[in-house]
Amino acid sequence: MLPNSLHPSPEPQPLRKELPDPNKTKTSLTALLQPLFSPQNPRSWILFILLFIQILLLCNLRSFPTLISIPHRHLPTPLAAIHETPPTENATVQDSSPTANDDQCGSGRVFVYELPTTFNQEILDNCDNLNPWSSRCDALSNDGFGQRATGLAGLVPEDLLPAWYWTDQFVSEIIFHNRLLNHKCRVTEPESATAFYIPFYAGLAVGKYLWTNSTAEDRDRHCDMMLRWLQEQPHYRRSNGWDHFITMGRITWDFRRSKDEDWGSSCIYKPGLRNITRLLIERNPWDYFDIGVPYPTGFHPSSPHDVTRWQSFVRERRRNALFCFAGAPRRAFRNDFRGVLLSQCRDSAGSCRTVDCAGTRCSNGTSAILETFLDSEFCLQPRGDSFTRRSIFDCMVAGSIPVFFWRRTAYLQYQWFLPDEPGSYSVYIDRNAVKNGTSVKAVLEGYSKEEVRKMREKVIEYIPRLVYAKHNKGLEGMKDAFDVAMEGVLRRFKDQQQQGFNKW
C-alpha cells in the first residue's frame with residue numbers, strides 16, 4: 001500500500017533521496033570507533049605504536065646522508081633567471097664555474113707600484129757606471145738574461161741553444177719586475193690587491209758602491225729615497241708594510257750594515273723596510289721576512305717542452321767522473337776549506353774533475369763549468385764568499401748531485417724550491433770531518449748505483465723550480481722559480497690574515 005501524498009497530482013513526482021541526520025551519523029561513527037581506540041583494546045596500542053614509529057622515521061630521514069649521487073648543477077641567480085631564455089633543443093650548455101684566472105688567483109692579487117724611474121730604469125740606463133772595473137750593459141741586456149750563450153754550441157742540444165744565456169747572478173730584480181708586470185694576477189687598482197710589489201733595484205743600486213771608498217750615505221742613498229716615497233703611499237701606511245714585498249738581487253748581508261765603516265748598505269735595518277717580505281738569493285735563516293730564491297742560472301726555457309727535453313738530456317748523459325769542483329781557493333783565509341777539497345780532488349786518481357775559477361775565469365761566459373757538471377755524478381758545494389753560491393744551481397740544472405758541507409748552504413735557504421728530505425737529492429758531509437781526514441771520494445763511492453740514480457732523478461724532477469722562464473708569462477702548465485716564489489708570497493700574506501697570527 002503506497003503512502004498517501006499530501007499533495008496529490010496527476011503528474012508523477014521525482015523521487016527524493018532522504019538525507020541522513022548528521023547527529024545520528026556522528027553518534028553511530030563514535031559508537032563504531034570507540035571500542036577500536038579503547039585503551040583496553042590491544043589493537044589500539046599496536047596502531048599507536050606503528051603511527052609513532054612512522055612519525056619518528058619521517059623526522060629523522062631528513063638528517064640522513066644522501067645515498068644517491070645527484071649531479072651538481074650551477075643554479076642561476078634569481079636575477080639571471082629573470083632574463084633567462086628557454087634553451088633550444090641540442091643547445092650547448094655553458095660552464096658557469098669560475099674562470100681559470102679566478103681560480104689561479106685564489107691566493108690573492110698583486111699591485112705593482114709605479115716607482116719613479118730613479119729606482120729602476122735609470123739604474124739600467126746607467127749600466128756603464130754600475131761596476132768600478134767594467135760595463136755591466138751586456139750582463140743586463142735581454143731583460144736581464146745577458147748575452148746569448150753561443151759558446152755552448154756542441155755541448156747542449158742544438159734545439160735548446162736559444163734557451164741558454166750568459167746570465168749574471170745578480171739580476172733577479174729585473175727578472176721579477178718583468179714577470180710581475182705580466183703576471184696573471186696583477187691588478188692596476190690597488191684597492192683590489194692583497195699584495196704590493198716594490199720594483200726597486202736595491203742590489204744594482206748599491207753594487208757600484210761596494211768596492212770603492214764610498215760613504216755610508218752613498219750606499220744608503222737610493223734606499224732612503226725609496227722609503228721616503230713609499231711611506232707616503234696610503235696602502236703602505238695602512239698595513240705598515242706587512243702586505244708588501246721586494247726583490248733584493250744580492251745576498252742579505254749586503255744590506256745589513258750595522259756600523260758606517262762596515263760593508264754594504266743598512267737598507268734592511270731601516271724601520272720602513274722592517275715588515276716587508278724580501279726575496280734574496282741568500283737569506284738570513286733567522287729573519288722571518290727574508291725568503292731565499294734560486295740564483296739565476298743560464299738556462300731560460302721558452303716552453304715546458306724545453307724543460308722536458310733538457311731533463312731527458314741530463315738524465316741520459318754519460319758521466320765519467322765521480323765528483324767535481326768548480327771554484328778557486330781562498331788563500332787569504334786561514335785553513336781555507338776549498339784548498340782542502342782541491343787537494344783531495346787532485347789526489348783522487350782521476351775520479352774528480354776541477355775547474356779553476358781564479359779571477360774572473362768563470363764569470364758568465366765559459367762552457368767549462370757546465371761541461372764539468374754534465375760529466376760528473378756529484379758536485380762539491382762548499383760555501384762561497386758567503387754561505388751560498390750560484391754553483392749550487394748550475395750543478396743541479398746539469399743533473400749533478402750536490403754535496404754540501406754547511407747546512408746553511410741550501411737546507412736552511414731554499415725550502416720553497418727544494419725537496420723536503422735533504423737526503424733524497426743531496427749528500428751532506430760535515431766539513432770538520434773532512435778537515436780531520438775523512439775522504440770525500442770514499443763517502444761518495446759508498447752510494448750504490450741505484451741510490452745515485454734515485455738522487456739524480458729527484459734533482460732532475462726539481463729542475464723546473466730552479467730556473468727562470470724566458471717568456472714574461474712563464475711556462476704554461478709548469479711552475480718555474482718565479483711561480484713558486486709568487487705562490488709562497490701570496491700564501492704567506494693570506495696566512496697573515498688568519499685569526500691568531502701575531503703581527504709584532
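To start, is Cys352 buried or exposed?

Reply: Cys352 is buried, with a relative accessible area of 12%. Here, buried means under 20% relative accessible area, exposed means over 50%, and partly exposed is in between (1.4 Å probe, protein chains only). Keep in mind that this is a predicted model, where local features need pLDDT of at least 70, side-chain atom pairs count only at pLDDT 80 or more, and totals for chains, interfaces and linings use all residues. Residues are numbered from 1 along each chain as its sequence is written, and side-chain values use heavy atoms, with hydrogens and water left out.

Cys352 has a partner: a disulfide (a pair of cysteine sulfur atoms within 2.5 Å) joins Cys345 to Cys352, with 1.6 Å from S to S. Cys345 is buried too, at 3% relative accessibility. The torsion about their S-S bond is about -85 degrees, so this disulfide is left-handed. Cys324, on the other hand, is in no disulfide, and the nearest cysteine sulfur, that of Cys379, is 5.5 Å away. Cys324 is buried, with a relative accessible area of 0%.

Searching the whole structure turns up 5 disulfides. Another one of them links Cys223 and Cys267, whose sulfur atoms are 2.0 Å apart. With a torsion of about 75 degrees about the S-S bond, the Cys223 and Cys267 disulfide is right-handed. Both ends are tucked away: Cys223 is buried at 3%, and Cys267 is buried at 1%.

Then there's the pair Cys127 and Cys137, with sulfur atoms 1.9 Å apart. Cys127 counts as buried at 10% relative accessibility, whereas Cys137 is partly exposed at 23%.
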